[in-house]
Amino acid sequence: MDSLLIAADSALRTLFAQPRATRPCNTLPERDGPALSDDDRKLSGALMRVNHVGEVCAQALYTAQALAARQSNAPGREPLARQLEAAGREETDHLAWTRERLDELGSRPSLLNPLWYAGAFGIGLVAGRFGPGVSLGFVVETERQVEAHLASHMERLPAADQDSKAIVAQMKADEARHAREAQRAGAVELPAPVKAVMRAAAQIMTTVAHRI
């Protein structure tokens, strides 16, 4: 029951509360650069909305996988749940940074965030049911795909938008570290078809969230 209440609290906080970062974005530059044009501001807002959706999904995935770990009978379930929750707390920083940047750009979060959260939670719960190795393998593949996605955003963001670039750079470094930690904890390699399905689902999400 405690785990279920924690999961429900996480969902409510992610979707309806103003997120608070526990650390500053270390790579954030001095904010004295040139003002963004209207077109650049619109592009940055759309890209950061996609990144914010990714962090909403990350909260759902980590919460669901930690819940599945605690409900399983697998050895080492509690250390695994704590590792997933720790990664989720760092992702909360990303959630706060991207939301703050959206506000600064005069943009908004995706209107479909409850749908994205529900879908990601379901996927995380399924992944967690297959045991620690698969659950961690899912983390590794997810973080690798997110890292590649963030790298593409570094190239697409307007050159003048150093604030958004700095946030994305810090997020990218954190995602890579989460993947390494999951790998060291015993992740198994996911089958190629599963990776392909994950990429296809991510493509649908990013395409829709860019606009809605």
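**Group meeting: a walk through an all-helix model**

Helices here are DSSP runs of H or I with at least four residues, strands are runs of E with at least two, and both are numbered from the N terminus. Before going on, a word on the source: this is a predicted model, where local features need pLDDT of at least 70 and side-chain atom pairs count only at pLDDT 80 or more, while totals for chains, interfaces and linings use all residues. Residues are numbered from 1 along each chain as its sequence is written, and side-chain values use heavy atoms, with hydrogens and water left out.

Back to our rings. How many aromatic pairs does a search of the whole structure find? The search turns up 1. Tyr117 and Phe121 have ring centres 6.4 Å apart and planes at 20°, so this pair is stacked. For the cut-offs, rings of Phe, Tyr and Trp (its six-membered ring) pair if their centres lie within 6.5 Å; planes under 30 degrees apart are stacked, over 60 edge-to-face, and the rest tilted. Are these two residues buried or exposed? Both Tyr117 and Phe121 are buried, where buried means under 20% relative accessible area, exposed over 50%, and partly exposed in between, with a 1.4 Å probe and protein chains only.

Now the whole chain. It has 7 helices and 0 strands, and 45% of its 212 residues count as buried. The accessible surface comes to about 10600 Å², with 59% of that belonging to carbon and sulfur atoms; the areas are Shrake-Rupley values with a 1.4 Å probe, and for residues only the protein chains shown count as cover. Among contacts with a separation of 6 or more, 87% join residues 24 or more positions apart, a contact being heavy atoms within 4.5 Å.

In soluble globular proteins, nonpolar side chains tend to be buried together. In this model the largest nonpolar core has 20 residues, and those with the most contacts inside it are Val53, Trp116, Tyr117, Phe121, Phe138 and Ala209. The elements giving two or more residues to this core are H2, helix H4 (113–129) and H7, and H2 supplies the largest share, 8 residues. By nonpolar core I mean buried Ala, Val, Leu, Ile, Met, Phe, Trp, Tyr and Cys residues joined through side-chain atoms within 4.5 Å.

Staying with helix H2 (residues 38–71), have a look at Gly45. Gly45 counts as buried because its relative accessibility is 1%. Leaving aside neighbours within four places in sequence, Gly45 is in contact with Leu102, Leu105 and Ser107. Gly45 and His210 are 165 residues apart in sequence, yet their C-alpha atoms are 8.8 Å apart.

Not counting residues up to four places away in sequence, Arg211 touches Arg49 and Arg108.

Last stop: His178, in helix H6 (residues 162–184). With a relative accessible area of 3%, His178 is buried. Beyond residues up to four places away in sequence, His178 touches Tyr62, Ala87, Glu90, Glu91, Val139 and Glu143.
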